[in-house]
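Have a look at the structure first, and then we'll walk through its inside.

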Amino acid sequence: MKKKLALLVIGMCILLLAGGCNTKDKLEGKSTDLSPTPAVTDDTDAKDDTDTTDNEDTTDNTGIVDGSTPAVTPAVTPEVNEVVREEVKLEDYIKLGQYKGIEVSVEKIEVTQDDIDVKTQLSLQEGGATLTEVTGRKVKIGDTVNIDYEGLKDGVAFEGGTAPGANLLIGSGSFIPGFEEKIIGANIGDKLDVDVTFPENYNNEELKGQPVVFKVTVNKIQEYEVTEEFVTANTDYDTVDAYKASINENLIALSEESMKTQKAASVYNKVITNSEITSLPQNLLDYYERDLKVFYTNYAISYQVDLPTILSAFGMTEETFNEEAIAYADAMATRDLVLGSIIKAENLVLTEEEFSEQIDIYTEEYGYSSKEEFLKNANEALLREDMLYQKAKDYIVAESIEL
């Protein structure tokens, strides 16, 4: 599921920038990160194959090691989408159902002290703070434990599943689901059998979906100490209290954004369910499937590699990529029908003021020096279309009823 969502998000960049996109880590937080960590990186730390795509606070959204723009652009002509998107007579394909007054329930996301502790420790870790050893208590969330571990499948050690002296921040989501939780409450010197199951979307065919046991020894309990000296030297804050308050505020903002995203997705999906779509236009399916493949092919070219190499970095085969491209085309064609019908029914238009304001946002987010520079690298027609579709989404959310 994570890979599919990542493809949808990255594919949406096609609608914005003719030459690809660099998201510059604009998506943050654990709730809605849509990008996979590459299976192939230059990381030499002791995280190895037990490190999964769930450490969403530190994952780069471009999917290529550090997400940076390639230093060298090869002299290869990028591919283009030779499928011409045709105008669609909406009523031939869809009978729009209820889209106003949609009732939705939104799961409340509360920021806990554990969330604050973990985020604070992650921030200190990223800032280069020094670990200090802790004694006289058990492992708790937010601690960095030093462990030896050996992964066994059917009693046999599997490749990449063993490491001595590995540091793991409990609560970071760095290891596969269930692993970190089972370290909580352990004492220094404890030897544990940690039973976990690899996710179905794990990038190792032999391990995904498989139950394993990790033989774990807890060597140390450590934590990053928040000091005034560190805060003043490495942050924009003058005191520890101000620094911690900023982390709390950021987490609250992320949780609110996540709830908004959850609500919008629920409303949109209900509108799709309420509508009667007889079929999806084949031209749209062909167009969007090709568009995604062109995007990834050109992305590979920009890194002087071929498409299979880029897919491998995402832990995907060409077969699964083709399946995801079909799913992406289906989702985008459905979007065109549903939101296009709402735009037509409500006579929605994108004003020049709305367009200009959104371009200001994109210019800052994508790191351009001016709106003019941004627009030189963008397909303005597709930008306007995408903004109008978003306006339709905002409309149905504004008209919805939260239970």
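A residue counts as buried when its relative accessible area is under 20%. By that cut-off, 42% of the 403 residues in the protein chain are buried. Keep in mind that this is a predicted model. The chain folds into 10 helices and nine strands. Of its contacts with a separation of 6 or more, 78% are between residues 24 or more positions apart.

**The cores**

Start with the largest nonpolar core, which has 50 residues. Val271, Tyr296, Ile342 and Leu383 have the most contacts inside this core.

| Helix | Residue range |
|---|---|
| H4 | 240-274 |
| H5 | 282-302 |
| H6 | 307-313 |
| H7 | 318-346 |
| H8 | 352-365 |
| H10 | 380-398 |

H7 gives the most, with 11 residues. Apart from this core there's another one, of 26 residues, including Ala163, Leu192, Val194 and Phe214.

**Where H4 meets H7**

Two packed helices are described by the angle and the distance between their axes. For H4 and H7, the axes come within 11 Å and cross at roughly 85°. Angles of 65 to 115 degrees count as roughly perpendicular, so that's the label for H4 and H7. On the H4 side you'll find Tyr268, Val271 and Ile272, and they meet Ala331, Thr334, Arg335, Val338, Leu339 and Ile342 of H7. Sorted by class, this contact has seven nonpolar residues, one polar and one charged.

Leaving out residues up to four places away in sequence, Val271 touches Val338 and Ile342, along with Gln98, Tyr99, Ile102 and Ile396.

How far apart are the end C-alpha atoms of H7? They're 41 Å apart, and that agrees with the 42 Å its 29 residues should span at 1.5 Å a residue. Just after H7, Asn347 takes a positive phi of about 55°.

**A stop at Phe355**

Phe355 sits in helix H8. Is Phe355 buried or exposed? Its relative accessibility is 6%, so Phe355 counts as buried. Neighbours within four places in sequence aside, Phe355 is in contact with Leu350, Leu375, Glu380, Leu383, Arg384 and Met387. One of these is Leu383, which is 28 residues from Phe355 along the chain, with 8.7 Å between their C-alpha atoms. Leu383 is also among the residues with the most contacts inside the largest nonpolar core.

Definitions and conventions: Residues numbered from 1 in each chain as written. Predicted model: local features only at pLDDT ≥ 70, side-chain atom pairs only at ≥ 80, totals over all residues. Heavy atoms only, no water. Core = buried A, V, L, I, M, F, W, Y, C linked by side-chain atoms within 4.5 Å. Buried < 20%, exposed > 50% of the residue type's maximum accessible area, 1.4 Å probe, protein only. Helix = DSSP H or I, 4+ residues; strand = E, 2+ residues; numbered from the N terminus. Contact = heavy atoms within 4.5 Å. Axes fitted to C-alpha atoms, helices over the stretch in contact; angles between N-to-C directions. Parallel < 35°, antiparallel > 145°, perpendicular 65-115°, else oblique. Nonpolar A, V, L, I, M, F, W, Y, C, P; charged D, E, K, R; others polar. Expected span 1.5 Å × (residues − 1).
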